[in-house]
Amino acid sequence: MQYHFPKAFLPDGWHDDVVLTVRDHTIEHVEVGVAQPGADVQRVAGAAIPSMTNVHSHAFQYAFAGLSEYRTAHADDFWTWRALMYNFVATLTPDEVYAIGQRLYRAMYAAGYTTVAEFHYLLHQPGGTPYDNPNEMADALIQAALEAGLRICMLPVFYQRGGFDGRPLEGGQQRFGSSHDLFLRMVDKLNSDWANHPSVRLGVALHSLRAVSIPAAQALLADVDMLLPGCPIHIHVAEQTKEVADCLAATGQRPVELLLDTFDVNERWCLIHATHLTDDEGKRVAQSGAVVGVCPTTEANLGDGVFRAEDYMQYGGNLAVGSDSHISVDACEELRLLEYAQRLTQQRRNVLCTETTSCGPWLWNWAANGGAAVTGFGPAAIQPGASAHLSLIDPGLVASVPTDRLLDHVVFHHVAGRQPVRGFTS
Ligand SMILES: [Zn+2]
C-alpha cells in the first residue's frame, strides 16, 4: 500500500509530496517530490510527523480525573489526592475498566498519540485475590487500545509493600500487590497470549522504590529477563519531596541515586517523573541512556514540582511525555507545559530548543524518540524500517501556517476546540 502526504517531517526535516510504501504497518520506502501520485496511491490530507508515544498511563484514573479538585485537608497534596484515588479504585470491575479504557484510548488517538505505555497496577479483585484469569484487567486494556487504533506497551506493575518501612498493603492498595511467583505467571501468560501481535509489546514496571524492596526487585527482574529478554522497565521515581526524604531516612540515599547505584540502569529503563534530581543525578541519568518520562499536566495538578529539563537536555538526556492521571489528554499540552514551566521558573523564553531548532520541533522529536525507545516499537522517525503509525497535523493548519513554523504552531498555539494533530494508522 502507498500513501501520499502533501508534507512530511523526515529525519532531515520537512519535505513536500512524500509517498510512503507500507507493508504490514512498516515503512518500506520513502519517496519525496511525488507531485502526481498514481491512481493506486491513497492521498492523505495533512502533514505526517513522527509518531508520538504516551509513555505513562494509568487508564482507570481517566474516570477519576477532575473529581478531586476540592479541599480534604488544610494543605492538600499528592498524598491526600492518593487517598481519594484509593477510595475510587476500591470497587472498579474489569468491565468498567474496559469501558474507561475504550473512552481514554480513543481520546488519546484523537489527540495525536499513536502508542501508549500502560503502567498497569490495578491487577486484582478487591482484597487482592487474583481473577480466574490473572490478566483479566490487562487483557481488557490491551483490547481497548487495539480497538482505538493505538499500539500498546503493557507494563504489569510489581507492587509489594506500603512504604519504605515495609508496612503491608492496606485498603485499595491490596488490589495492586502480587507475589514474585504470581507476577511471573502473569508475565508468562501475557507473553504467550500477546507476544506475536504486531501492535502489542510487553515490559514490566516496578511501582516505585517505596513499594518494592531492592532485593525483591532485583530477583524479579532477573527472572523477567528469562521470559522477556531486553524488555522495557519503567518505574516511578522522585515525584515528591516527601518520597525523597523518606528514601533518605530509610536508606541514606536519594531515590534516583539509589536506583543508579543498585540496578544496571540503561536504555531499557524509563524513569517516570524524576522531578526532584540533584545536578549529579540528572547528569548520571542522562549518561545512562535511560529515558525520563515527564507528565507535566499531572505533575502540575498534583503539585509535584518542575523537572529541570534544560540542564538534563544539555547533558544529552532522553525524554518522553505521558498523561499519567489523564487530567489532560493532549500531547501538545504536555510539551507546551513542559516548556512553560521552564519559562515561568527562569523568566526566559525559548528554553528547550537549540540555536538551529526551534521549540516546537525540538520538543516533539525529543519526546517522540524517547517514547519510542522505551516501548519497544522501534524508531519514531519516518524512515524505511520504521512503523507506519504516524501522527498527523490537521490539513487546515498545513495550508495556513509556514512549513518551517508548523510544529511550533501545533505545540504552542492552543485554541479551545481545535485539535491540531491526531493519530494515523496505515
Ligand atoms: Zn504514574
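I started with the largest cavity, which comes out at a volume of about 150 Å³. I'm working from a predicted model, so I keep in mind that totals for linings use all residues. How many cavities of 30 Å³ or more are there? I got a count of four.

Next I asked which residues lie nearest the centre of the largest cavity. They are Phe78, Trp81, Tyr121, His207 and His236, out of 19 residues in the lining. Helix α1, residues 78-89, gives the most to this lining, with five residues. I sorted the lining of the largest cavity by type and found eight nonpolar, seven polar and four charged residues.

The largest pocket holds about 260 Å³ of space. I listed 15 lining residues for the pocket, and Arg82, Gly162, Gly163, Arg167 and Lys242 lie nearest its centre. Which elements give two or more residues to this lining? I noted α1 and α6, the latter being residues 241-251. By type, the pocket lining has four nonpolar, three polar and eight charged residues.

**Helices α4 and α5**

A reminder to myself: two packed helices are described by the angle between their axes and the distance between the axes. For α4 (residues 180-194) and α5 (residues 214-227), I have an angle of about 20° and axes 10 Å apart. Angles under 35 degrees count as roughly parallel, so α4 is roughly parallel to α5. The crossing of α4 past α5 is right-handed.

Who makes the contact? From α4 I wrote down His180, Phe183, Leu184, Val187, Asp188 and Asn191, and from α5 Ala219, Leu220, Asp223, Val224 and Leu227. Sorted by type, the residues of this α4 and α5 contact are seven nonpolar, two polar and two charged.

**Helices α11 and α12**

My last pair was α11 (residues 331-346) and α12 (residues 359-373). Their axes come within 10 Å and cross at roughly 115°. Is this crossing left-handed or right-handed? I have α11 and α12 down as right-handed.

On the α11 side I listed Ala331, Cys332, Leu335, Leu338, Glu339 and Arg343, which meet Cys359, Leu363, Trp364 and Ala367 of α12. I sorted the residues of the contact of α11 with α12 too, and they are eight nonpolar, no polar and two charged.

Definitions and conventions. Residues are numbered from 1 along each chain as its sequence is written. This is a predicted model: local features need pLDDT of at least 70, side-chain atom pairs count only at pLDDT 80 or more; totals for chains, interfaces and linings use all residues. Side-chain values use heavy atoms; hydrogens and water are left out. Axes are lines fitted to C-alpha atoms, for helices over the stretch in contact, and angles run from 0 to 180 degrees between N-to-C directions. Helices (H or I, at least four residues) and strands (E, at least two) are DSSP runs, numbered from the N terminus. Angles under 35 degrees count as roughly parallel, over 145 as roughly antiparallel, 65 to 115 as roughly perpendicular and the rest as oblique. A crossing is left-handed if the near helix is turned anticlockwise from the far one by less than a right angle, and right-handed if clockwise. Contact means heavy atoms within 4.5 Å. Ala, Val, Leu, Ile, Met, Phe, Trp, Tyr, Cys and Pro count as nonpolar, Asp, Glu, Lys and Arg as charged, and the others, Gly among them, as polar. On a 1 Å grid over the protein atoms alone, a cavity is a set of points where a 1.4 Å probe fits but cannot get out, and a pocket is an open set with protein on both sides within 12 Å along at least five of seven lines; lining residues have an atom within 4 Å of a point. Grid points are joined across faces, edges and corners, and a volume is the space filled by probe spheres set on the points.
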